[in-house]
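Visitor: I would like to learn how to read the packing of a model such as this one. Could you take me through it feature by feature?

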Amino acid sequence: MTDHTDDASRTEAFFTLHHRLPRQSPGSDATTRRLLTLAGPLPDRPRVLDLGCGPGRAALLLAAEAGAEVTAVDLHQPFLDELREAADARGLGDRIRTVRADMGDLTGPAFPPGSFDLIWAEGSAYCIGFATAVRDWQRLLAPGGAMVVSECVWTTDTPSAGARAFWDRNGSLRTLPETTAAAVAAGCTVPAVLLQPDSDWDAYYVPLAERVESADPAAPGMEWALAATREELAVRRAYGAEYGYAAYVLRPADPRWTTRPETAADREAVRAVNTAAFPTPDEAGLVDALRADADAWLPELSYVAEAPDGSVAAYALLTRCRIGDAPALALAPVATSPAYQRQGAGQAVVRAALDAARVRGEALVVVLGHPEYYTRFGFVPASRYGIRPGFEVPDEAMMALVLDGSVPVPAGMIRYPAAFGV
């Protein structure tokens with residue numbers, strides 16, 4: 001028989017350890033600001049839903065610096081009381097509304113569908129599961145809205161037995177690519193992933209360790225809470241290089257377009273789209289030449305977007321290139337049938353191809369193109385990373401996108417497949 005009294009005392013002891021700490025999970029104001037930038041443009045007074053807000057460090061920043069109207073949700077009323085007190089003290093009381101609710105059951109008048117421009121969940125989605133959270137929370141987003149959801153992930157493919165044993169007992173982790181795959185399967189695209197720095201863990205664990213040393217072990221449930229927390233701290237010290245928090249910026253996939261890897265039956269249609277989209281047949285010929293290059297061609301990264309009638313409306317291709325000796329991907333060509341241009345088909349197929357690359361575990365993509373178009377996917381000038389082409393182009397036109405921040409970004413000259421002729 002379960003001792004519910006014991007469970008309640010353990011829960012209360014756990015919360016007692018965390019009361020008045022600056023953070024309830026790894027994070028920092030700098031990371032919150034960076035994620036706010038990665039989330040993209042927002043309305044002047046964005047409606048933000050902060051789920052599992054705790055005492056509201058992120059909610060306060062979003063209200064103060066983004067001018068947001070924040071609905072802050074948590075099940076633990078003392079955390080909400082802390083937030084209410086802090087918001088009033090900072091003159092933000094009219095910007096922050098606290099709601100005691102279960103993030104796994106967001107029903108009722110406080111949570112109408114399509115009512116938030118941004119959903120924010122730092123270090124809290126694990127309570128109901130990352131995939132469940134991403135799937136269920138989308139209905140609350142207004143058109144054009146985004147989610148920022150962080151999740152603890154493996155940063156190695158071969159975690160130590162001790163690290164795996166701990167996490168198997170405390171919420172089994174996935175790798176970055178596996179977590180990305182879960183987000184895509186839940187119906188989202190992944191504009192950005194930020195692997196949080198070690199300093200974010202220090203901001204959480206250093207004050208927590210101090211609290212552990214000063215806690216009263218005789219309080220009900222506290223012996224258990226102290227033992228569990230000490231184990232967590234010890235595992236981080238021993239295996240911290242093997243896991244970390246990754247913050248995902250997510251947007252619902254455009255429902256107008258079905259995207260998928262091309263099949264053999266699509267080849268003529270792909271050629272037709274490339275021929276129609278460009279003034280010469282060179283891009284169509286480039287695709288054919290790349291298909292014949294076993295070192296460059298990655299079949300699962302040749303992507304199409306289907307029109308409502310099932311025809312191929314747009315195409316995007318990622319092939320293997322190298323930065324110095326390090327593997328990377330080149331995005332080219334990207335083509336949309338003239339009948340479907342300026343309707344979102346091209347963006348949908350590019351996002352799908354980039355998501356597929358993240359799921360494969362690819363780390364870096366380069367593209368030569370119009371900055372005003374490709375920056376919307378997160379590309380920045382490649383020169384920022386010391387990456388350069390072997391030919392003369394405007395600096396802003398040669399761009400790079402880091403897909404996996406857990407590995408070093410290579411620097412050097414881009415080595416394209418021979419089919420590019422450069």
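Guide: Let us begin with a term: contact, or touching, means heavy atoms within 4.5 Å. This is a predicted model, in which local features need pLDDT of at least 70 and side-chain atom pairs count only at pLDDT 80 or more, while totals for chains, interfaces and linings use all residues. Residues are numbered from 1 along each chain as its sequence is written, and side-chain values use heavy atoms, with hydrogens and water left out.

Visitor: Which residues does Trp137 touch, not counting residues up to four places away in sequence?

Guide: Trp137 touches Leu51, Met103, Leu106, Ile119, Ala121, Ala125, Ile128, Met147 and Val149.

Visitor: How many residues has the largest nonpolar core?

Guide: In soluble globular proteins, nonpolar side chains tend to be buried together. A nonpolar core is a set of buried Ala, Val, Leu, Ile, Met, Phe, Trp, Tyr and Cys residues joined through side-chain atoms within 4.5 Å, where buried means under 20% relative accessible area, exposed over 50% and partly exposed in between, with a 1.4 Å probe and protein chains only. Here the largest core has 32 residues, and Leu49, Phe111, Trp137, Met147 and Leu250 are those with the most contacts inside it. A second, separate core of 31 residues includes Val349, Tyr374, Phe379 and Met399.

Visitor: Which residues of helix H10 are buried?

Guide: Helices (H or I, at least four residues) and strands (E, at least two) are DSSP runs, numbered from the N terminus. In H10, residues 267-277, the buried ones are Val270, Val273 and Asn274. Seen down the axis of H10, these fall within an arc of 95°, taken from the directions from the helix axis to the C-beta atoms, so they line one face of the helix. Their cover includes helix H11 (282-291) and strands S10 (302-306), S11 (312-323) and S12 (326-336).

Visitor: At what angle do H10 and H11 pack?

Guide: Two packed helices are described by the angle between their axes and the distance between the axes. Axes are lines fitted to C-alpha atoms, for helices over the stretch in contact, and angles run from 0 to 180 degrees between N-to-C directions. H10 and H11 pack at about 145°, with their axes 7 Å apart.

Visitor: Where in the backbone is there a cis peptide bond?

Guide: Most residues other than glycine have a negative phi, and most peptide bonds are trans. The bond from Ala332 to Pro333 is cis, with omega near -5°, and Pro333 is found in strand S12.
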